[in-house]
Amino acid sequence: MKETEFGKIGFFNENGVRGAVIRRSDSESINISLMIKRGSDLNPENKGGAVDLFASMLSKGTKSFSAMDIAEKLDYLGADFTYKIDKDSVIFNFWFLKEHFQKIFPLVEEIFLYPQFPEDELEREKLKTLSSLYQIVDSPSALASYIFTKNIYSDHPYGNLATPFSINSITAEDIKKIYENSFTKDLIYLVISGNISDKARKQIISLFKALPHSSETKKIEKAEYRGNKFIFFDKKDSTQSQIRLGFGGISRRTENYEAINLMNFILGGGGFSSRLLLKVRTEAGYTYSISSSFESFNDGGSFVISSFSKNETTAETIKLSEKVLREFKKNGATEKELKDAKAYFIGNLILSMETPSDIAGKLMYAERYGLGEDFLFNSEKRYKRVSLEEVNKFSKELLNKKDRLLVIVGNLNSMKKKIDKLKDYGKLLVIENLFDSEK
Amino acid sequence: MKLEKFTLDNGLEVFLLNRRYSPGVSIQIWVKAGSRNERPGITGISHMLEHMMFKGSKKYGPQEHAQIIQANGGELNAFTSNDRTVYFENLPPSKLLLGLDLESDRFLRLALDEKEFQTERQVVYEERRMRTDNSPYGKATEMLFALTFIAHPYHWPVIGWESDIISWTIEDLKNYYKTFYSPSNTFILISGKFDKEKAKIWVEKKFGKWKRVKIPELRIPKEPEQIGERVTEIKMEVELPFVFAAYRVSPYNSKESVIFEIIEKILSGGESSKIYRKLVYEKQLALSAGGGLYSFLDYGMFFTYGLLNKGKDFNSMKKLLFDEIEGFYQEKITEEEFEKARNQLKADLVKATEKNFSHAMVVGESYFYTGDPEYYKKKKRIYEQLDIKEIKETAEKYLKEIRRNSVIILPKGAK
């Protein structure tokens, strides 16, 4: 194990089970994280949401414990079992106080190795998922992001989102199949962090030594976005519009990705230091928040500017954002901006590794995108070596997309006079009901 | 991790908390003023001033403070609540002096420029539209405070009423800044990796010249006794109806408040809790349901909520939720449930003190509300000393229909 200023860090490969350990003697807790290195593409075709149901069902009944037994045992110890799903991974996490290891261990074993996916529990989870989908409509921000994601990735697995139709069609067999395909030695990555003994570490790893290898290989399809689309979700009560403006992006496996992070920080990712915030919020007062981001995954990604503004200045917010984008693409960043952005990322590296679970998150990220085990330790060097030319080359290449997707969630009637200003985004498609168009 | 305190001649109190393994240093400046210190006509001014604290001081231009912090690898922000306004910076350890210099400039010499104020007013108005006017949950929260408190300043929203946002003047801001931003009404917390001796010298150097002003005594109305349920029903564009209700309870610094932490956990701590088990799991009426506690200087609010599952009966969910809350004192509470609640609270505290910033928040909150920065540690002892009888008595005293305040949000056209 390597002694670092964040604790002792080591990697293991025992009987084909891979992962890492972060050990810190001052920590009062332990995290056991298990990452499956596949995400949205595990959803069967037209069954968006199946992966979400699989993740939520894992703790809803095992060989020896009912869903309520598990909840009772975890709650009694003040422990958590949570999960997080993204386009390329599903991460399960146990958090508990270090003195409870022996009591938590049987739950780890049961949940990861012997889930039963009972029908009655599945029906419960499906109802909750259905209701959650309708809840999206009640949050303008979540609604705008849902429509944007669905349309920017359209037929790619990344765009295979849950709908009431897809949720209703998912069966216990679908969920079992996802479990069988994903709990394999090739796809799991285990990170154990906190105040953990070597004996306990071995006990956890040995749970997985009998897992099979994957029999199915992932099909790689590149996510690409083409054409202009302008989608307006009409919420008649709204006094403010949510805006998502974007285009196709790039894979996280792109070389020299740090240059892209730096470029986006200057453009719109850097909060008060970003050009978008300076122009659209500080100077114009059109919004409380505006940011840009590259969402980059294994098979591609997207670029999006997210903001909101009162209906009367929504068109102006979009126009001004485009102007900032144009100028940035044309003239690029300055030496000073790059110097400050680098200082931010380098200085912030250490702050973002405060707890063993922070480090665990970074190690899983590195594993997911093939960034190598030394990713944690060479980040500073990678940021330092980025040149202004590289940043500006990326800005010219990546921001030069003519095919745009514009999503607005707002009150169409109050914006009617200004809709013409947005005609460059193509024919206006108005939606009033999110799930109307599904089969 | 020994906490040290010293006080400057001008009355500014400073807490220093060294933490092993901390990668950075956190500065928090707590101003003992929030929307409680406002009056009708200028509601939201505390929060507006918080925004203006980023818009330039004597040495630094608008947003420059934030830009310098970021260009040194740090992050910063601030928040305003009903009782307090807190500014914070999380920095690499070598940047403590820089952080103190930037903070002192805005606390001692804020610019408050008219042009910047006019633009920022629009920004805050947009924030209100986003958080409240276009969010059913935000709107319900605003209404719930307005119902629960009819005389006390907790009645109005921290962000301010719309008509006040439109009418504040720069003079209102200057007066508020002059009145409440004084060393004797503020305290600083520094936590993480830093040299205590140097920190003391730097704080003295940067804040020693800050002049103390006498803080006027606030005459804050007391809430009259509630003698009947208060209900607001709003019909709006929503897919899922919900109820959000609250009972006015004792303030933060009281044993009853600690008892309500236990009650909250028994009722809604996890999926095995009473409310979740009954409403979400067994009856499947609610997508989510639970309860919680807002604790303030003058009062507390024990709240509960239920968000209806698609296609289920709203009135059945609402009735069951209130039966759980208001029938709590009559229900059997097992020793195991009690122990579970205590275990959860202990685990919450471990989580909250795992990070430098959140640990400092816990210390700050303890000091702000009780005058004892280590009150959070003592609470553990109070949890142990409580008995089930006391818990039931407290629930019976407060959680009843005539003390209930409910906001009901229904879809347009609902009967």
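The largest pocket in this predicted model has a volume of about 1,300 Å³. It is lined by 43 residues, and the closest to its centre are Asn46(A), Lys150(A), Ser154(A), Gly159(A) and Asn160(A). Five elements of chain A each give two or more residues to this lining: helix 5 (140–153), helix 6 (164–169), helix 7 (172–182), strand 8 (229–234) and strand 13 (428–431). Domain 1 (2–206) and domain 2 (229–431) each supply at least three residues to the lining of the largest pocket. By class, that lining has 16 charged, 14 polar and 13 nonpolar residues.

Next, the interface. Chain A and chain B each bring 67 residues to the contact. Between them, an area of about 5,800 Å² is buried. Carbon and sulfur atoms give 54% of that area.

Charged pairs also span the interface. Side chains of opposite charge can pair when their charged atoms come close. Eight salt bridges are found across the interface of chain B and chain A. Over all chains, the structure holds 67 salt bridges. Two pairs that join chain B to chain A are listed here.

| Residue in chain B | Residue in chain A | N to O distance |
|---|---|---|
| Lys351(B) | Asp80(A) | 2.5 Å |
| Lys340(B) | Glu72(A) | 3.0 Å |

The pair of Lys340(B) and Glu72(A) links two helices across the chains. Lys340(B) sits in helix 12 (residues 335–352) of chain B. Glu72(A) belongs to helix 2 (residues 67–76) of chain A.

Methods
Residues are numbered from 1 along each chain as its sequence is written. Chains are lettered from A and ligands numbered from 1 in the order in which they are written. This is a predicted model: local features need pLDDT of at least 70, side-chain atom pairs count only at pLDDT 80 or more; totals for chains, interfaces and linings use all residues. Side-chain values use heavy atoms; hydrogens and water are left out. On a 1 Å grid over the protein atoms alone, a cavity is a set of points where a 1.4 Å probe fits but cannot get out, and a pocket is an open set with protein on both sides within 12 Å along at least five of seven lines; lining residues have an atom within 4 Å of a point. Grid points are joined across faces, edges and corners, and a volume is the space filled by probe spheres set on the points. Helices (H or I, at least four residues) and strands (E, at least two) are DSSP runs, numbered from the N terminus. Ala, Val, Leu, Ile, Met, Phe, Trp, Tyr, Cys and Pro count as nonpolar, Asp, Glu, Lys and Arg as charged, and the others, Gly among them, as polar. Domain bounds come from an automatic or database domain assignment. Contact means heavy atoms within 4.5 Å. Buried area is the accessible area (1.4 Å probe) that two parts lose on being put together, summed over both. A salt bridge is a side-chain nitrogen of Lys or Arg within 4 Å of a carboxyl oxygen of Asp or Glu.
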